[in-house]
Amino acid sequence: MNVTFFIQVLINGIAIGSVYALMAVGYSLVYSIMSFSNFAHGGVIMLGAYIGYYSGALFGLPIWAAILAAMLGCGLIAITIERAAYNPLRKRNAPPLYYIISAMGTSILLENLIVATIGPNFKTYPPLFTERSIEIGKIAIGKLDLLMLVISAVSLFLLVFLIDKTKIGMAIRATAYNLRASSLMGVNPDTVIFIVFGLGGAMAGVAGVLFGMRYVVYPQIGIITNKAFVGAVFGGLGSLPGAIIGSVLLGIIEVMASAYWSSNLQNLIAFVLLIFVLIVRPSGIMGVSTEDKA
Amino acid sequence: MNLSWYYISGILIFAGINLMAVQGLSLLTGFTGLFSFGHAGFMSIGAYTAAIVTSWLGAPFYVSLLSAGLFAGLISLIIGRLTLKLKGDYFVIATLGFGESVRLLFAFLESIGGARGFTIATSAHHTSLFDVVLVNAIGLIVMVNLIHSKHGRNLKAIREEELASRVIGIDVFKYKMSSFFISAFYAGVAGGLFAHYLLFIQPAMFQLIKSTELTIMVIFGGLGSITGSVIGAILLTALPEMLRFLNVWRFVIYGILVILIMILRPKGLMGGQELRLISWTRRLISKRKGGQA
Amino acid sequence: MKRLLTLLLVFLMVFSLVGCGEKPAAGPKGNTAGDTIKIGWIGSLTGDQAVWGTCESNTLQMLVDEANAAGGWKGKQLELVPLDYRGIAEESLTAARRLTTQDNVIAIIGPNTSGGSIALTPAVETSGVPAISTVGTNPLVTVTEDGAVKPFNFRVCFIDPYQGAVAAGYAYDVLGLRKAAVLYDQSIDYSKGLTEFFEKQFVHMGGEIVAKEAFNAGDTEFKTQLTKIKEADPQILFLPYFFKEVALTANQAEDIGLNVVMMGGDGWPSEQLMKMAKDSLQGDYFVNHLDYKDPAVADFNKQYMDAFGIAPELNGYLAYDAFLVLKAAVEKAENINSVEIAKALETVEVQGITGFIRMDAATHNPVGKDAAILKIEGDEYVFQQKYSIVPVE
C-alpha cells in the first residue's frame, strides 16, 4: 500500500491516541501520589460527557464553555469520590487493594446511577461543522479529529507545565516521590491529594466532552478507559509524559495492526503487546523501576 | 412471598461456581498478596476445555472438570512464568491483558463457535447443586489443608515479608507460581461447572466484569479468610437477586454496598477470621437445640 | 481443623439430600393461570443493551394495560412480571428459573439477545413454560445443534441466515452491484451471523467480497478499517450491526471521504440513527420487518410516543408481535396452561405489525415473513419493496 494510506492511518492513530492520553493522565496523576489504579476514572469521564452534553443542550453554551463546565464539574466529582470512597481508607492506612475495590464499586455506582436517572438512551452533541473534513491532496482529515487533537494537546501541555513549573506542581512531585517525607517538609498531603483529584477530574472532563462530541454519549462509555489504562501502564504508571507517550503509541499501534495486519486482531494485538512490553520493561517505557521497600 | 426452591437452587449453583473460582483467588490474593483481573480468562479456558471434552470426546463429567482445571493450570504456568515477576499494578494489568486476550481469541476461533458460542452436547451431564457442593467441599478440604501445611505458612511469610522470606531461603517465585497454578486450576474447574450448568457458552460471558466480580467477592469476604470467601461468594452472588425489588436502582445500591464494606470493614466482612464463625455457628446450633427441647 | 471438616461434611450431606430432591418429573406439567394471567419478561433494563430492553418492557406494559382495560384475556386480568438481566446471559437463566416457578408465569417474552434466549432453555424445558424471543436471531435459539426443535423456545424475528441473504440478494439483483465490502462486529453473534450469510449469498450469486474488516463491541473508532475498505474500492458496504455503531461508521466514512452505498439489517432503524447520522446515510438501504407507513405501525408509534415521549426501537415492534402471538395461543389453548399454550404456539397464525406470522412447528420460527427494504431519504425511511429469497445452504 502507498504513502497516502500510511499517512491517513497514522493521523487516525494519533487522533485516537490523544483521547487515550487525556484519559490516561488522570490515572497516572492519582497513581503517582496514591499508588493505586483509580478504576472510577472511567465513570468520571462518562459524567463529563453528560455535563458537556447538557450544558450545550439545556443552556446553549458554546463548546469551549461546555468544556470548562465539564472540567469544573468533573473536578468536583473526582474530589467528592476521593472524600467518600478513598479518604476513609487512607485514614486507616489500607493497602492499595481496598482502594481498587472501592473504586470499582464507585464505577458500578456511577454507571447505574445514570441508567436509573437519565436513562440508557444515547445522546448526541449537535454537529459543530457542516463540512465534515478538509482534504489535503488525497488525505482527508476530519475537522473534529483536528479540533480534538488541538484541545488535547493544549490541555496536556498546560497540565505538564503546571506540574513541572509551578509551586503546586513541585509539591505534587515531592509527594509523589515520598508522601511521608514531603509532609515533614511542610507539604500538606491532604491538600496535594485534593489538587491531584481535582486536576485528574478536570482532565477527565475535557476527555469526556471530546469523546461525546466525537462519538456519542451513553452510560457505558467508561469502558473505553480500559484502553487508556493500558496506555498509562504502557508508558509507565505514575509518569505523566509516560502516560501521554504510551497512549499515543497505543493508538498508533492499534491502527497500524489493523491496517497492515488484520482488524480482527486489533484489540488482541494491543493486549498481547502490553504483556510483551511488561515482560521486557516491567515498569513501562518511562516508568521508574521501584525496588521493594523492605 | 413464596420462594421457589428451583429459583434459589439456581442462585446457589452460581454461588457455588463463583465460590470455586473465589477459593483459588483467595489463595492467590489473600495468602500470596497477588491480585488478578484475569481469572475470567482461566474460567473460560476451563469452560471450553470441559465442554469440548464431554461434547466431542464423550468423556464423563468429572473427567472433564479435572481436565478443565489442569488445562487452565497449564496455561497459568506459561502466563505465570512471564508475568509473576511484575510488581503490584503491573501484574494486575498483565492479568487484565491476559483475560481480554483469551476472550478475544475465543471469539476469533470459529472451530469452537467463535462469538456465536458453543453448545454442549445434549448427552452430557448437567451440573446439579449436588455436583457444585461436592466439588466445593473437596476444594475447601484441599485448600484448608494446604493453608495449614508448611506450604501455606511459607505463603503467608511471603505475603508479610517478601524480602525476609527470600533471605531465609524460601523460593518466592516458586511459591507464587504454585499459588497462581492452584488458583487457575480452581477457576478452570469453576468454568467446567459453569459450562455444564448453562449448556451453552459464549466468549461474551467471560468479560472483565466477571474477573472484577470475583476479586470483589474475595476482598468483600475478607482477605486471608476462607470462611470470608465462602460468605463473600454466596452473599454477592445472591445480592443482585435480593435487590430486585429496587428495579433499575439495584446496581446503584450494589455499588454503594461494596464501597461501604470497604470503608466500614476495611478488612472485609470476615477480616481474616475463621474459627470465630465456626464457634459462633456451634453456639447458635446448640442454642437452637436448647430452645427445641 | 477437624471441627471445620466435620462441619463441612455435615453441610455437604444436608445439601446432597436436598439436591437429590431436585429430580425432574416425567414431563413438565406447566403453570396454570390463577385469578390473573401472569406473563414474564426478561430483558436489559441496565447494562449496554438497556436502550432496547427498556423499549420492550415499556411496550409490553402498555399492551397489558390496554388489554386489561378491555377486559383481559378470557375474562382474566393480565399481570406483567418484568425482570432485568443486564444483558448477561447466565442471569437470564436465573431469572427464568424464578419466573417459571416462583411467579408462575404462563409464558416468558424475551430476552433481547440470542445468548440470553439460549441460556434460559434448561429452565423453560424443566418447567414447561414457553419463551418467545423478541430479537434472538441465532438459529440455535429454537433448534438444537442437531436440528431438533426445542419444545419450549419460540421467536418472532428473522433468523440471521435470512436477513443476510436478503441484503445480499437485493444488493446484487435489484441494485445490480457486484463488489461488496463488509465491516462487522466480531464479538456479537448477530453481526457475525449476518456477515456469514451475506457473504455466502453474495458470492454464490456471482458477486465479489473485496474487503472484510472487523471491530469489537465497545469500539467507537472505525476510520482505519474504513480507510482499508476505501482502498479496495467497493460498490456497496454492508454494515450488519446496531444503529449506534452504524451512525459512527457512516460519519467516519464521510470524514475520510468514502462515498459508497451502505446497507444494513434490522439493527439500523431508530430515531437515534437519524439524529446521529442522517446526513451521512442519505440514499442508503436496510432490511427491515416493517414498513413505517403501515397504519398499524403508525398507530403504535403514536401511542408509544404519547406514553413515553420517545420513539420506539425495533424491539418494541417485535415485543408487540410476541404479545399478539401469545394472545392467539392463549385463546387457542383449551386451558390457560403453559404446556398447552406452548403446543398452541406451534400452529399459531397472526397478523402482526412486523408482518404475517405463521409459526413453523418444525423450527419454531415465523415463516413467510417478507422482508421490507427501506431507503433513507431526507428525514424518512422510504419503503422500496418487499423482498424474499431462498438462502443458499
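Trainee: At what angle do helix 1 and helix 5 of chain A pack, and how far apart are their axes?

Mentor: In this predicted model, helix 1 (residues 3-34) and helix 5 (residues 143-165) of chain A pack at an angle of about 35°, and their axes lie 9 Å apart. An angle and a distance are given because two packed helices are described by the angle between their axes and the distance between the axes.

Trainee: What makes the contact, and on which residues of each helix of chain A does it rest?

Mentor: Residues are in contact if their C-beta atoms lie within 7 Å. Helix 1 of chain A contributes A:I14, A:A15, A:S18, A:V19, A:A21, A:L22 and A:V25. From helix 5 of chain A come A:D145, A:M148, A:L149, A:S152, A:A153, A:S155, A:L156 and A:L159. By class these are eleven nonpolar, three polar and one charged residues. Asp counts as charged, so A:D145 is the charged residue here.

Trainee: How many residues of chain A and of chain B does their contact take?

Mentor: It takes 37 residues from chain A and 37 residues from chain B. On the chain A side, helix 3 (63-91), helix 4 (96-117), helix 9 (225-235) and helix 11 (266-280) each give two or more residues. Helix 4 of chain A gives the most, with 14 residues. The classes on this side are 25 nonpolar, ten polar and two charged residues.

Trainee: What are the numbers for the contact of chain C with chain B?

Mentor: Here 37 residues come from chain C and 37 residues from chain B. Two or more residues each come from helix 1 (2-20), helix 3 (89-101), helix 4 (114-119) and helix 7 (189-205) of chain C. Helix 1 of chain C supplies the largest share, ten residues. By class, this side of chain C has 16 nonpolar, 13 polar and eight charged residues.

Trainee: Why is B:L84 called partly exposed?

Mentor: B:L84 has 19 other C-beta atoms within 10 Å. A buried residue needs 20 or more, and an exposed residue has 12 or fewer. The value 19 falls in between, so B:L84 is partly exposed. This residue sits in the loop between helix 3 (61-83) and helix 4 (88-108) of chain B.

Trainee: Which residues does B:L84 touch, not counting those up to four places away in sequence?

Mentor: B:L84 touches B:F173, B:K176, B:M177 and B:F180. B:F180 is 96 residues from B:L84 in sequence, yet the C-alpha atoms of the two are 8.7 Å apart.

Trainee: How do you know that strand 1 and strand 3 of chain C are paired?

Mentor: Pairing needs at least two bridges. Strand 1 (residues 36-43) and strand 3 (residues 107-109) of chain C run parallel and are joined by three bridges, so they meet the condition. In this pair, C:I39 stands opposite C:A107. Both strands belong to an open sheet of five strands in chain C, with parallel pairing and the order 2-1-3-4-5.

Trainee: What makes strand 2 and strand 5 of chain C the edge strands?

Mentor: Strand 2 (77-84) and strand 5 (153-155) of chain C each pair on one side only. The twist of this sheet averages 25° from one strand to the next.

Trainee: What joins strand 14 of chain C to strand 15 of chain C?

Mentor: Seven bridges join strand 14 to strand 15 (residues 380-387) of chain C, and the two run antiparallel. One of the bridge pairs is C:E377 with C:E380. The two strands form a hairpin with two residues between them, and C:G378 in the turn has a positive phi of about 60°. Strand 14 is also joined to strand 10 (residues 285-288) of chain C, by four bridges and antiparallel.

Trainee: Why is strand 14 of chain C called mostly covered?

Mentor: Five of the seven residues of strand 14 (residues 371-377) of chain C are buried, so each of those five has 20 or more other C-beta atoms within 10 Å of its own.

Terms used. Residues numbered from 1 in each chain as written. Chains lettered and ligands numbered in written order. Predicted model: local features only at pLDDT ≥ 70, side-chain atom pairs only at ≥ 80, totals over all residues. Contact = placed C-beta atoms within 7 Å. Axes fitted to C-alpha atoms, helices over the stretch in contact; angles between N-to-C directions.
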